[in-house]
Amino acid sequence: MMNIFVPRALSMKILLASAFVFLGFLLYRSFAMASPLPQVGQAAPPFSLTGIKGDAHRLQDYQGSWLVLYFYPKDDTPGCTKEACSFRDDMVQLEKLGAKIVGISVDDTESHAKFAKKYNLPFPLLSDTDGKVAASYGALTNLGIIKIAKRYTFLINPEGQIAKVYQSVDTSRHSQEIIDDLRQLSAR
């Protein structure tokens, strides 16, 4: 009987290589199965999600106003906090331009409530725990058991159509970018 001896270092390399292959597969699956982004001019995908007070929010509730629908990865993280606080600080300007703001992540309503209270966020944060709404907007990274919303924003016109898609968001200037775009789009 032959005794096969595998050195410990080699077995660790095999284990690490297997882990990288598995992660690569999950990433491939996440991108290969991702829904396409809605395009400018298309109807925005409908949604119905729960806010922090247990109230339902639907896309049609915002008809007649511009809607800044932003997806973000995680409550109370540095980039997400900066983005949310910028929207909060610019809320008066955005409202003067006829816009409402709604944030969506896969966090639950309890997490949203703590985040909103801590930073005094005056706009709805909606819970998309199964990621279906984020997926319908092409804004979901799905790694099987882990789902994370991508930092994408959709500017939806008063008729419910996508007016602008933001995939590369700089959290420090995103709110101002939307204000500038709303001014330009409203002037047409």
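D76 sits in the loop between β3 and α2 (helices are DSSP runs of H or I with at least four residues, strands are runs of E with at least two, and both are numbered from the N terminus). This is a predicted model, where local features need pLDDT of at least 70, side-chain atom pairs count only at pLDDT 80 or more, and totals for chains, interfaces and linings use all residues. Residues are numbered from 1 along each chain as its sequence is written, and side-chain values use heavy atoms, with hydrogens and water left out.

**The chain as a whole**

- You'll find 6 helices and 9 strands in the chain.
- Of the 188 residues, 41% are buried (buried means under 20% relative accessible area, exposed means over 50%, and partly exposed is in between, with a 1.4 Å probe and protein chains only).
- Take the contacts between residues at least 6 apart in sequence: 67% of them join residues at least 24 apart (a contact means heavy atoms within 4.5 Å).
- The chain exposes about 10800 Å², and 58% of that comes from carbon and sulfur atoms (areas come from the Shrake-Rupley method with a 1.4 Å probe; for residues, only the protein chains shown count as cover).

**Two helices that meet**

- Helix α2 (residues 78-89) packs against helix α6 (residues 174-186) at an angle of about 45°, and their axes are 8 Å apart (axes are lines fitted to C-alpha atoms, for helices over the stretch in contact, and angles run from 0 to 180 degrees between N-to-C directions).
- That angle makes α2 oblique to α6 (under 35 degrees counts as roughly parallel, over 145 as roughly antiparallel, 65 to 115 as roughly perpendicular, and the rest as oblique).
- Who touches whom? On the α2 side there are E83, S86 and F87, and they meet H174, S175 and I178 in α6.
- Sorted by class, this contact has 2 nonpolar, 3 polar and 1 charged residues (Ala, Val, Leu, Ile, Met, Phe, Trp, Tyr, Cys and Pro count as nonpolar, Asp, Glu, Lys and Arg as charged, and the others, Gly among them, as polar).

**Aromatic rings**

- The structure holds 9 aromatic pairs (rings of Phe, Tyr and Trp, the last by its six-membered ring, pair if their centres lie within 6.5 Å; planes under 30 degrees apart count as stacked, over 60 as edge-to-face and the rest as tilted).
- One of them is Y72 with F115, a tilted pair with 6.2 Å from centre to centre and 40° between the planes.
- Y72 lies in the loop between β3 (66-71) and α2, while F115 is in helix α4 (residues 109-119), so this pair ties together parts 43 residues apart in sequence.
- Y72 and F115 are both buried, and F115 has a relative accessible area of 2%.
- F115 also pairs with Y119, this time edge-to-face, at 5.6 Å centre to centre and 70° between the planes.
- Both F115 and Y119 lie in helix α4, 4 residues apart, or about one turn of the helix.
- Ring pairs join Y70, Y72, F87, F115, Y119 and F123 into a cluster.

**Loop residues to look up**

- Most residues other than glycine have a negative phi.
- D76 isn't a glycine, yet its phi is positive, at about 60°; D76 is partly exposed, with a relative accessible area of 35%.
- N120 has a positive phi too, near 50°. Find N120 in the loop between α4 and β5 (125-127), where it is exposed at 58% relative accessible area.
- S168 is in the loop between β9 (162-166) and α6, and it is exposed, with a relative accessible area of 68%.
- S168 and Y152 are 16 residues apart in sequence and 7.3 Å apart in space, C-alpha to C-alpha.
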